Amino acid sequence: MSTPDRTTADRESGAGPALGVTAATGPAGAGPAASARPAPAPTTRRTASGLPGRSLLRVGPVSVQVRRRSVLVALAVTALLAVAVVLSLSLGNPYVAPVDVLRALSGAGTPYDLVVLDLRLPRIGLAAAAGAAFGIAGTLIQSVARNPLASPDVIGITQGAGLAATVAITTGAAAILVAPAALLGGLVAALLLLALGARHGLAAQRFVLAGLAVAFALRALTEVVMLSADPIDGLRAQIWLIGTLAGKGWTETLWIALTLAVLLPVLAWAGWALNGSALDDDTARGIGLRPVARRIALATTGVLVAATVTAQVGAVDFVALVAPQVARRLVRAERPPLLCAALLGALLLVLADLAGRRLFAPTQLPAGVLTAAIGGPYLMFLLIRGRRRSS
């Protein structure tokens, strides 16, 4: 007499499997191991890119990860920038209603076309372009230095441009030569900075210390030149060193826009390359990156943008310092996002220029005075916060 199968016996006796777990029935002829397959584990819901808070954007064969919060912040700052531009075009003497400003910008034709399009728009366009360039330069330099206090006006780029511009102004050079001289001075300061800071692979601490040394030395030379110059020329140089948008417009905007357009492929690469800027050298090499070459390329791009914009609008301080860090905190990212920093830099300089024109009207303050008034307290905030973290 054959022994009945255990499963058959259980069915006949009415006993179920242990612990109340019902066994799965397999295909015909399958053994117990095949019929007792484990149930699939519950899946975790993820974004399209596999990372929380990010989406994968595909353009042909190219795939780009996009942080959704960055997109929202960029859209919000763009809307605020548009409002600031309309207000800046509207406020003044004469006052132009925002509706008339929009009609003038659309080409519908208003009695205020001359005021809006010819007198105010060139200066505001320059403020937006220069602010965006400062934001880009500050993001690149701070990412290379890994220091929120690093910016073109801290590491000597602004001081090099200021020294060259001061020499050009006080020696009676033509006004058209001031901007090229300032650009050359900023680039020379950048070369000196890279030469001093690149000995150990452009290490972050060495880069910042070399920049501070270059900045102090060039600033001292600028003071010597101004003290030995004619008082009128010295005053003109001082106004340039403060940074102002008065009397400037589309020509300076065009130079900044052309520089950014030429560097656009490099900036697109930089937006991706900044993702690995926070890694240490060993980790970066382990995943196939070249950290030293990457840092040198990012720093070179940053100082080139900073020198170009400083040559056009003067030494407008603190925009390149503040914009990247505010953007990083809004996005809640580990590094400053390039696009958001550019938009915040544009917004900051447009608002600073508006405040300089209207706060003490009819007296106009240079934009550099207002940005320094904003940047000074912010710099103290960063220093106090860093001290609390270290303690």
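Val154 is partly exposed, with a relative accessible area of 22%; buried means under 20% relative accessible area, exposed over 50%, and partly exposed in between, using a 1.4 Å probe and protein chains only. The structure is a predicted model, in which local features need pLDDT of at least 70 and side-chain atom pairs count only at pLDDT 80 or more, while totals for chains, interfaces and linings use all residues. Residues are numbered from 1 along each chain as its sequence is written, and side-chain values use heavy atoms, with hydrogens and water left out.

Val154 lies in the loop between helix H5 (113–145) and helix H6 (157–170). Helices (H or I, at least four residues) and strands (E, at least two) are DSSP runs, numbered from the N terminus. Leaving aside neighbours within four places in sequence, Val154 is in contact with Leu149, Gly211, Leu212 and Ala215, where contact means heavy atoms within 4.5 Å. Val154 and Ala213 are 59 residues apart in sequence, and their C-alpha atoms are 9.7 Å apart in space.

Gly211 is buried, with a relative accessible area of 0%. Not counting residues up to four places away in sequence, Gly211 touches Val154, Ile155, Gly156 and Leu193.

## Helix H5

Helix H5 has 33 residues, which at 1.5 Å a residue should span 48 Å; its end C-alpha atoms are 46 Å apart, which agrees. The expected span is 1.5 Å times one less than the number of residues in the helix. Of the 33 residues of H5, 27 are buried, so the helix is largely enclosed by the rest of the structure.

A kink of about 50° lies at Leu121 in H5, shortly before the proline Pro122. The bend at a residue is the angle between axes fitted to the seven residues ending there and the seven starting there. Just after H5, Arg146 takes a positive phi of about 55°.

## Packing of H6 against H9

Helix H6 packs with helix H9 (residues 231–242) at an angle of about 150°, with their axes 9 Å apart. The contact is made by Ala161, Gly162, Ala165, Thr166, Ile169 and Thr170 of H6 and by Asp233, Gly234, Arg236, Ala237, Trp240 and Leu241 of H9. Axes are lines fitted to C-alpha atoms, for helices over the stretch in contact, and angles run from 0 to 180 degrees between N-to-C directions.

H6 and H9 are therefore roughly antiparallel to each other. Angles under 35 degrees count as roughly parallel, over 145 as roughly antiparallel, 65 to 115 as roughly perpendicular and the rest as oblique. H6 passes H9 in a right-handed crossing; a crossing is left-handed if the near helix is turned anticlockwise from the far one by less than a right angle, and right-handed if clockwise.

The 23 residues of H3 should span 33 Å at 1.5 Å a residue, and the end C-alpha atoms of H3 are 33 Å apart, which agrees. Buried residues of H3 include Ser70, Val73, Ala74, Val77 and Leu81. An α-helix has 3.6 residues a turn, so residues three or four places apart point the same way.

H3 is followed by Gly92, whose phi is positive, near 145°. Pro94 is placed in the loop between helix H3 (68–90) and helix H4 (98–106), and the peptide bond from Asn93 to Pro94 is cis, with omega near 15°.

## H15 and its two partners

H3 and H15 pack at an angle of about 20°, with their axes 9 Å apart. The two helices H3 and H15 are therefore roughly parallel to each other, and their crossing is left-handed. Among the residues that meet are Val73, Val77 and Leu81 in H3 and Leu343, Leu347 and Leu354 in H15.

Helix H14 (residues 319–331) and helix H15 (residues 338–358) pack at an angle of about 125°, with their axes 8 Å apart. H14 and H15 are therefore oblique to each other, and H14 passes H15 in a right-handed crossing. Phe318 is found in the loop between helix H13 (291–313) and H14. Although not a glycine, Phe318 has a positive phi of about 75°; at 16% relative accessibility, Phe318 counts as buried.

## The chain as a whole

The chain contains 16 helices and 2 strands. Of its 391 residues, 44% count as buried. Among contacts between residues at least 6 apart in sequence, 70% join residues at least 24 apart.
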